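Trainee: Could you walk me through reading a two-chain model, one feature at a time?

Mentor: Gladly. Let us open it and start with the order of the elements.

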Amino acid sequence: MSSQLLIDNNLDSLRDMSNWVAATGNALGLSDTLCYRFDLAANEAVTNTISYGYPPGVSGEIALRLLTANGNAVLEIEDDGVAFNPLEVPEPTLPESLETSLIGGLGVQLIRSSMVQCDYQRRDGRNLLILQSLITSGEAE
Amino acid sequence: MDGGVTLIRLRGRMAMSGAQKIDLKFTALTTVKQGAYIVDMSAVDFLASIGIRTLLVSAKGAQA
């Protein structure tokens, strides 16, 4: 089973996206923990895409697909924005104190830490981010 | 609270729309008055990096 959502590159779409992740995750039988992780990863990835992936005033389309396959739950996020591989963003060094902490830069790290595997492809002029987690991994906690 | 400590209770989702909704009020609350703040997050059921940003900006502001 799989389900697809199309949203435009508008930050107001994020709420619809989260509702879709929850509803689709439930329909696929994913645990609340796993639904939370996909909701978080989708929010971080799509917020970046909408904020930085398109020149001002240019409209775009972002497709999300949530599916299960071979014991994995998979979230695919595909957009027609400028070519960008978020997985090339270096891992941030965690700050030692409030004074030395930097604002921002945590989004990609949250995606990595909430998923078991992350892959990126540039295909037919579109960015494709494939995020995977074990279906059982959310239930052991 | 006693001893000049202010308690702020947040609830709901701290994703984009939630963070935008509280940003101004939260930053104003935590920077106007000198002192310590406790932020009760027990009713926050979702925290994205945009919400961490809100907390961090205010924490830096309150400390300055």
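Mentor: Reading along the sequence, chain B follows the pattern β-α-β-α. That comes to two helices and two strands. Keep in mind that this is a predicted model.

Trainee: And what pattern does chain A run through from the N terminus on?

Mentor: From the N terminus, chain A goes β-α-α-β-β-α-β-β, with three helices and five strands.

Trainee: How do I read the radius of gyration of chain A against the globule rule?

Mentor: Set the value beside what the rule gives for that length. For the 141 residues of chain A the rule gives 14 Å, and the radius of gyration is 15 Å, so chain A is as compact as a globular protein of that length. The C-alpha atoms of chain A fill a box of roughly 40 × 40 × 25 Å along the principal axes.

Trainee: What radius of gyration does chain B have?

Mentor: Chain B has 11 Å, in agreement with the value near 11 Å for a compact globule of 64 residues. The C-alpha trace of chain B spans about 30 × 20 × 15 Å along its principal axes.

Trainee: How much of each chain counts as buried?

Mentor: In chain A, 28% of the 141 residues count as buried. In chain B, 20% of the 64 residues do.

Trainee: Which residues of helix 1 of chain B are buried, and what covers them?

Mentor: The buried ones are Met16(B), Gly18(B), Ala19(B) and Thr30(B). Their cover includes helix 1 and helix 2 of chain A, along with strand 1 (5-14), strand 2 (36-47) and helix 2 of chain B.

Trainee: Where do the buried residues of helix 3 of chain A fall, seen down its axis?

Mentor: First pick them out: Gly107(A), Val108(A), Ile111(A) and Ser114(A) are the buried residues of helix 3 of chain A. Seen down the axis, they fall within an arc of 135°, so they line one face of the helix. They pack against helix 2, strand 4 (117-123) and strand 5 (126-134) of chain A, and also against helix 2 (49-63) of chain B.

Trainee: How many residues does each chain bring to the contact?

Mentor: Chain A brings 16 residues and chain B brings 14 residues. On the side of chain A that touches chain B, the elements giving two or more residues are helix 1 (13-27), helix 2 (32-52) and helix 3 (107-114) of chain A. Helix 2 of chain A gives the most, with five residues. By class, that side of chain A has seven nonpolar, six polar and three charged residues.

Trainee: Which backbone angles would you check?

Mentor: Look for a positive phi in a residue that is not a glycine. Asn70(A) has one of about 55°, and Asp124(A) has one of about 50°. Asn70(A) sits in the loop between strand 2 and strand 3 (72-79) of chain A, while Asp124(A) sits in the loop between strand 4 and strand 5 of chain A.

Trainee: What does Tyr120(A) touch, beyond residues up to four places away in sequence?

Mentor: Tyr120(A), in strand 4 of chain A, touches Asn85(A), Pro86(A), Leu87(A), Leu128(A) and Leu129(A). With 16 C-beta neighbours inside 10 Å, Tyr120(A) counts as partly exposed.

Methods. Residues numbered from 1 in each chain as written. Chains lettered and ligands numbered in written order. Predicted model: local features only at pLDDT ≥ 70, side-chain atom pairs only at ≥ 80, totals over all residues. Contact = placed C-beta atoms within 7 Å. Helix = DSSP H or I, 4+ residues; strand = E, 2+ residues; numbered from the N terminus. Nonpolar A, V, L, I, M, F, W, Y, C, P; charged D, E, K, R; others polar. Buried ≥ 20, exposed ≤ 12 C-beta atoms within 10 Å, placed from the backbone. Arc of directions from axis to C-beta. Rg over C-alpha atoms; globule rule 2.2 N^0.38 Å.
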